[in-house]
Amino acid sequence: MPEITTHHFLVVSFLLFAIGVFGVVARKNMITVLMSIELVLNSVNINLIAFSYQFSDLTGQIFAIFTITVAAGEAAVGLGILIALFRLRETTILDQATELKG
Amino acid sequence: MKELLWLIPVLPFLGALLNGVLLRGRISKKAVAAIACGTVGIAALLSLGIIADYAMSIPAGHEGWQPFEQDLYEWIPAGPIKTTLDGVKNFTIPFGFLLDPLSCVMLFVVTFVGFLIHVYSVGYMSHEQGFQRYFTYLNLFMGAMLLLILGNSYAVMFVGWEGVGLCSYLLIGFYYKEEFPPYAGRKAFIVNRIGDFAFVLGMFALVAHFGSLKYTEILPRIAKNPELITGAGFLGLTLAGFIALCFFVGATGKSAQIPLYVWLPDAMAGPTPVSALIHAATMVTAGVYMVVRSNVIYQLAPGVSQLVAVIGAATAIFAASIGLAQTDIKKVLAYSTVSQLGYMFLAAGLGAYTAAIFHLGTHAFFKALLFLGSGSVIHAMGGEQDMRSMGGLKKALPQTYRTFLIGCLAIAGIFPFAGFFSKDEILHAAAGHGQWVLYAVGLITAALTAFYMFRAFFMTFHGHFRGTHEQEHHLHESPAVMTIPLWILAVGAIGSGWLGLPGDWNLMHHFLEPVILQPRGVEVAEHDVSALLLALIALAVAGTAIFLAYRIYGGDRGLEKGRVWAERFPGVHRLLSNKYYVDELYDATAIRGFWATARGLFRFDAGFIDGFLVNGTRNLTVNALSLGSGLFDKYVVDGLVNLVGTVLDGSSRVFRRLQTGYVANYALVLVAGMFVLICVYMVWRLS
Amino acid sequence: MDFLVANGAAILFYVFAAIAVVSALGVVAMRNPMYGAICLLTTFLAVAVLFLLRHAEFLAMVQIFVYGGGIMVLFLFVIMLINLHRLPEIRLFGRQSPLAGVLAVILTVFFGWFFLQTRFGPANPSPEKLVSFIDAQQQVQRLGNSQAVAWDLYTQHLLPFEIASIFLLIAMIGAVVLGRRL
């Protein structure tokens with residue numbers, strides 16, 4: 001078995017990032033979109049941790065803490081928006097929220 | 001005394017100033033009359049004094065005689081001009097007066113008759129509106145007339161000339177509220193103007209040649225050196241002929257000769273004293289005065305002199321014939337004036353200048369007398385002037401009757417009244433120069449004169465009264481203020497003739513002799529015709545005419561016999577009573593032509609110049625400018641604006657498709673942008 | 001046993017990496033958001049293990065507490081609050097899913113290949129840095145990852161820490177405001 005290098009972690013990070021981006025762009029259900037955003041943020045965290053280990057620098061881990069913090073805040077606000085949208089449209093399907101059209 | 005000469009014209013002007021401007025509407029009628037008559041009266045007395053003073057100073061044999069000249073100030077210093085005789089010389093017109101025998105005679109006539117008429121007007125106009133205005137104009141006229149006759153140059157004469165023309169207009173149109181008087185005033189002024197134009201041309205010729213307009217600088221010089229103006233002039237005439245002709249045309253306008261006489265009969269629309277003063281005694285004689293003053297020039301232009309005589313004679317007989325058929329008493333007198341003026345020009349044209357002035361003087365007296373008498377009649381008739389409504393006024397107006405009779409006898413040329421002497425002198429001159437045609441015309445005119453004057457006399461004063469009952473009750477003799485001047489004039493109408501007895505006793509001729517300059521080398525051919533014989537012939541002719549008039553109109557006959565004669569020659573009668581249709585002829589040709597030209601010019605101005613040129617240019621400019629500006633605005637400016645709009649619209653149409661409203665699309669774009677950024681980073685890292 | 005000892009890290013890695021990726025796919029592919037939320041939780045946990053493999057113990061715990069215990073609960077509450085009785089019979093993926101798929105593939109393959117070209121030196125040259133810190137008296141304290149992270153957080157990165165707290169405050173207010181029933 002080859003040694004697990006930073007590259008491996010980067011690959012995982014890329015995969016998660018790609019899946020997350022795909023989910024954000026392609027899904028119509030807003031809840032799923034929000035969850036996909038969390039996936040993207042997680043992939044970023046993996047990347048940070050991998051590099052922190054690579055260079056023996058705690059800065060990566062500190063940054064990851066902050067990323068988690070921001071993700072939490074953003075999730076809260078995003079769900080708030082979701083609830084507001086649901087109250088307005090009685091649906092969470094993004095296709096029906098086209099006020100910005102034009 | 002002579003130094004006070006300038007005061008004579010100034011006094012009437014002062015009266016006009018007081019009555020017309022300073023004291024207008026503020027003083028009583030008595031005060032107005034006092035001022036008006038007072039100024040003229042003082043002028044008259046002054047004239048007498050000055051004339052006496054001057055006459056005494058003339059030596060008996062006329063040796064070394066000088067006119068008295070008084071320059072007041074330099075009126076028009078025109079500066080250097082180029083003259084044909086003296087090269088470049090300084091041309092100035094001083095304002096001054098001249099006193100010589102001719103101006104003495106005129107002065108006496110004008111002031112004396114003028115004064116009497118002023119006094120008469122006080123009575124005649126006492127019931128009229130505009131009393132003060134009337135006397136203002138009358139004084140103004142007197143001042144202008146005195147300027148005319150006392151002026152020492154043609155320029156000052158012209159000032160007076162125009163002034164009397166103006167006053168004539170003002171006084172003819174005195175009753176301006178009616179329709180006809182203003183028209184008659186305009187007619188007089190405009191016809192006068194035509195003559196004045198010629199007068200001015202003559203003055204210009206004098207200035208161009210002599211560089212001066214003063215009598216004393218021109219006339220004696222011509223007399224000494226006649227060749228100065230016998231050279232070539234204009235239009236095939238000699239210079240003398242040209243100037244003489246121009247002056248004479250002016251005279252025909254002012255003195256109502258053919259062809260410019262048409263204003264005088266219509267001028268009767270003015271008050272009767274005005275007709276007496278202006279259109280009988282004074283203004284109309286200005287033309288005669290002018291010709292006599294310029295006698296040297298006329299003596300050197302025999303052709304024009306002959307023309308003057310011929311027109312004078314023609315006018316005399318022409319006007320007399322019209323007088324035969326007139327029914328308005330003033331019109332009869334008007335045509336009579338035209339006729340008698342013709343006599344004066346006949347004399348002047350023949351070279352008998354003293355005879356012309358003599359007749360001017362006697363005519364002033366008896367014509368004024370006749371006009372004032374007719375005024376008295378009209379006054380008594382309550383304004384009626386048609387003789388067909390008169391008749392038998394002998395009993396109601398005895399003084400008027402007698403003085404009018406004296407006037408008629410005078411004008412008919414009956415011994416011993418004034419007209420006899422003056423008219424005969426003219427006929428004697430005609431015969432003496434061998435102009436038998438002119439003599440015959442003059443004789444026939446004398447007959448016609450006697451006839452129509454007595455026709456008027458009999459129609460007015462004899463027979464039965466033909467007017468209405470109200471008029472009959474109104475008949476009354478005029479007050480003393482009107483009858484006394486009549487009598488004074490009657491004395492003049494008798495006595496003035498004795499100043500011109502034929503032969504060596506001719507005081508008038510002797511007095512005026514120095515004025516008649518004898519140009520060197522001009523001979524006067526005289527036939528020796530017995531004056532006595534001619535006088536007897538004239539008397540016989542006149543007497544026959546009066547007798548005929550009596551037979552037709554006199555006694556109790558009234559108008560029937562006259563009507564019978566009129567019916568026998570209906571065509572002639574119509575021709576005469578319509579004044580030979582001359583006014584209609586003038587109207588059809590000159591007046592209509594004038595109006596047509598004026599209208600045509602107006603149309604040209606309004607249509608072409610205003611319409612096409614001015615408005616067209618304006619339209620062109622405005623339209624072109626506005627068109628250009630509009631096009632510019634529409635295509636360039638708006639184009640730019642629209643371009644911006646179109647561009648924005650197009651681009652927005654494209655970009656709008658970005659705004660799908662789908663959040664997922666936005667997210668995709670976001671990712672795609674990130675994708676691009678990564679590409680950029682990759683490239684950057686690789687390079 | 002030797003095999004496990006020798007390759008334990010690798011086996012752990014591959015297993016949990018696979019779990020993470022598969023769960024991620026599950027999140028994206030599930031129709032029912034409840035199921036998606038469960039998949040997400042699984043992903044979080046797998047990622048936490050991956051953190052452990054890289055000696056980020058403190059962060060692994062934070063990941064589980066915050067993500068799994070906080071955010072996931074939040075998601076589940078909201079999903080229950082939405083109260084979707086019937087899932088609409090619509091297409092699962094939006095109109096641009098092909099394009100999105102292409103982009104994702106590019107990301108993975110192309111960019112991934114590119115960035116994986118970088119060569120690193122030996123991993124973790126100074127492991128003590130991850131677990132120790134230098135205290136105020138310049139003494140090296142080797143107390144473990146948490147203490148090291150804590151020391152770093154409160155000394156070196158104090159300002160971002162404070163800002164993060166303010167950020168959380170704002171997020172909280174925002175969430176409350178947005179959630180109000182007007």
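Between chain C and chain B there are zero salt bridges, a salt bridge being a side-chain nitrogen of Lys or Arg within 4 Å of a carboxyl oxygen of Asp or Glu. Here, ten residues of chain C touch 13 residues of chain B (contact means heavy atoms within 4.5 Å). The two chains bury about 1,000 Å² between them, 82% of it on carbon and sulfur atoms; buried area is the accessible area (1.4 Å probe) that two parts lose on being put together, summed over both.

Keep in mind that this is a predicted model, where local features need pLDDT of at least 70, side-chain atom pairs count only at pLDDT 80 or more, and totals for chains, interfaces and linings use all residues. Residues are numbered from 1 along each chain as its sequence is written, chains are lettered from A and ligands numbered from 1 in the order in which they are written, and side-chain values use heavy atoms, leaving out hydrogens and water.

Now turn to chain C and chain A, where 89 residues of chain C and 71 residues of chain A take part in the contact. About 7,000 Å² is buried there, with 78% from carbon and sulfur atoms. On the chain C side, C:Arg54, C:Phe75 and C:Phe120 lose the most area to chain A, together 11% of what that side buries. Again, zero salt bridges are found across this interface.

Finally, look inside chain B. The axes of helix 1 (residues 7-22) and helix 4 (residues 131-150) of chain B come within 8 Å and cross at roughly 160°. Helices are DSSP runs (H or I, at least four residues), numbered from the N terminus, and axes are lines fitted to C-alpha atoms over the stretch in contact, with angles from 0 to 180 degrees between N-to-C directions. Helix 1 and helix 4 of chain B are therefore roughly antiparallel (over 145 degrees).

How values were computed: Helices (H or I, at least four residues) and strands (E, at least two) are DSSP runs, numbered from the N terminus. Angles under 35 degrees count as roughly parallel, over 145 as roughly antiparallel, 65 to 115 as roughly perpendicular and the rest as oblique.
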